[in-house]
Amino acid sequence: MSSAVAAAPGDGVKPTPTASGTPTASPTATASATPAPAKGLIAWAPCEEEPSAECGKLAVPIDWSRPNGPTIDLAVARRKATDPAARVGSLVINPGGPGGSGVEAAYGAPGFFTEELQKRFDIVGFDPRGVGRSHPVICSASVFNEMPYAVMKSQADFVKWTAYAKKLRADCRARTGPLYDHVDSVNVARDLDALRAALGEEKLTYYGISYGTLIGQMYAELFPNRIRAMALDSNMDHSLGVKAFLDSEAAAVEDAFDQFVGWCDQEPGCALHGKDVRAVWERILAKARSGRLYYPGVTDRPMTEIQVLWQGVLGNEGPAWQLLSEMLRALDGGEPPSWVPPLPGRQPVSGDVAHLPTAILCQDYTLRVRNYKEYAWLLRSSNRRAPDMRYNPMPIEDLPVCLGHPTTNPQHRLRYTGSAPILLGNSLHDPSTPYSWSANVARQLGSKARLITYEGWGHRIYGKDECSTVPIDNYLISLTLPPDGFRCPVGGRVETMVKKQQTQKQQRELWPTDKLPWGAPLLSSSRPQPATAAAGASRTSG
């Protein structure tokens, strides 16, 4: 889910809400005199940012009910199949968000997908409408920076937030233009079908993570007979009302925190080993509430309680438990880690504009709260399910932004009438998209779903273990499904694979810095990254 923020995929793409000060530049191709493509086609040329990939643009209608009306250009990138003789077709990917960049995901594909998958597919990513290089939703930085503290404490706060949300929405609509009202996932799904056609594919092959699964689900509803294969990793559940949404998120992040505490109790390498981790956590939260807690290297303003809670999300998405333990040690007055991740949570932005991908969430989810009394009741319900974490900060930061916002794609049970089976996957201990969400989507799909249960930790299962990766490859490549009820133990191996293979060397988990709460771990670009950005998750991590 997102907040106004930036993002990344890998294993930690997500959340840290803050908006960037200027719109992301378009991935222009190096060829300066590329001829204009025919309508509905893409003119490909090497990407300026990543010359080993190809970039292009696809024009789509702002309003799909007016297909011949004004258009915007979607930014698209692809990496061609490394073995043309073995090529199956195009695999379209989305890393989540809302706000995650599919262009960046395509750039980072060699560090994320197995060699076998890269041999077989052109891997194609696009920035969804309203995101990144595809006409992003933007707001005036001056208005964005007036944003009240996310957690409301009184009816007066509720009134203030309601008025501010209306002001922010009016400003963002004026800044963004007509596209603002057309960024929900149904519109993105229509764009996805236009991209399928432009790629010359009769049917779609798709892999989406996190919020990218909602795009896939909406595509399945709209174009049920145009699916070749669809793998949805760490699913959104678009059937949940606001209470079930917040309750399940709170329970998931508390469960992930419990797993971290259990690891620290057993692992001598944990920076808090031998200490009462929950007592340390409570001390840090109390210090934040008193206004006396400062993030390492950030001296101009104290750290808020919600920014502390973000540690519990980000440190468990990889998971990056070793780094999380070192960060908590630092916040409790001890030595900081050798690499300190960026301060998480929505923060003031510099420059003239702020990006607000949260508008996408507001159009996909009716998060209606009538008054402070109802809001406080919702928070108490979350608190009961999350005594340590209190609530999940991702939806709590987004909910007030969505107050009074029109919802064009409201929650509903998934309606899929196609015949192609859809492959779902989730870890049991996911802090961001609870396992219950994927299980519920599987129930909604019935016999057309196959669910992989990864008995481990973190957000997204592809790349975690051989037995959570190879079945997805096999399905995308040859349409071979894992057995019904397939469970993948940590460190598990798949005996029945197309050919014995090792997934890529285990990636060092990175702290999610993309600031997009619901992003999936952003696929790391192959461009040079800071060598110090590693977050040693333990042997028990993804």
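Biologist: Which residues does Asn 316 touch, not counting residues up to four places away in sequence?

Modeller: In this predicted model, Asn 316 touches Ala 256, Phe 257, Phe 260, Trp 321, Leu 324, Pro 431 and Gly 458, where contact means heavy atoms within 4.5 Å. Residues are numbered from 1 along each chain as its sequence is written, and side-chain values use heavy atoms, with hydrogens and water left out. As the model is predicted, local features need pLDDT of at least 70 and side-chain atom pairs count only at pLDDT 80 or more, whereas totals for chains, interfaces and linings use all residues.

Biologist: Is Asn 316 buried or exposed?

Modeller: Asn 316 is buried, with a relative accessible area of 2%; buried means under 20% relative accessible area, exposed over 50%, and partly exposed in between, with a 1.4 Å probe and protein chains only. Asn 316 is found in helix α9, residues 305-317, and helices here are DSSP runs of H or I with at least four residues, strands being runs of E with at least two, numbered from the N terminus.

Biologist: And α10, what do its buried residues pack against?

Modeller: They pack against α7, α8 (277-289), α9 and β11 (449-457). Ten of the eleven residues of α10 (residues 321-331) are buried, including Trp 321 and Leu 324, both of which also touch Asn 316. After α10 comes Gly 333, with a positive phi near 100 degrees.

Biologist: Switching to α7, at what angle do the axes of α7 and α12 cross?

Modeller: The axes of α7 (residues 242-266) and α12 (residues 372-385) cross at roughly 30 degrees and come within 8 Å; axes are lines fitted to C-alpha atoms, for helices over the stretch in contact, and angles run from 0 to 180 degrees between N-to-C directions. The two helices are therefore roughly parallel to each other, a label for angles under 35 degrees, with over 145 roughly antiparallel, 65 to 115 roughly perpendicular and the rest oblique.

Biologist: Which residues meet there?

Modeller: Among them are Leu 246, Ala 250 and Glu 254 in α7, and Trp 377, Leu 378 and Arg 385 in α12.

Biologist: Last topic, how many residues has the largest nonpolar core?

Modeller: That core has 147 residues, and Tyr 207, Met 230 and Leu 476 have the most contacts inside it; a nonpolar core is a set of buried Ala, Val, Leu, Ile, Met, Phe, Trp, Tyr and Cys residues joined through side-chain atoms within 4.5 Å. Helix α7 gives the most to this core, with ten residues.
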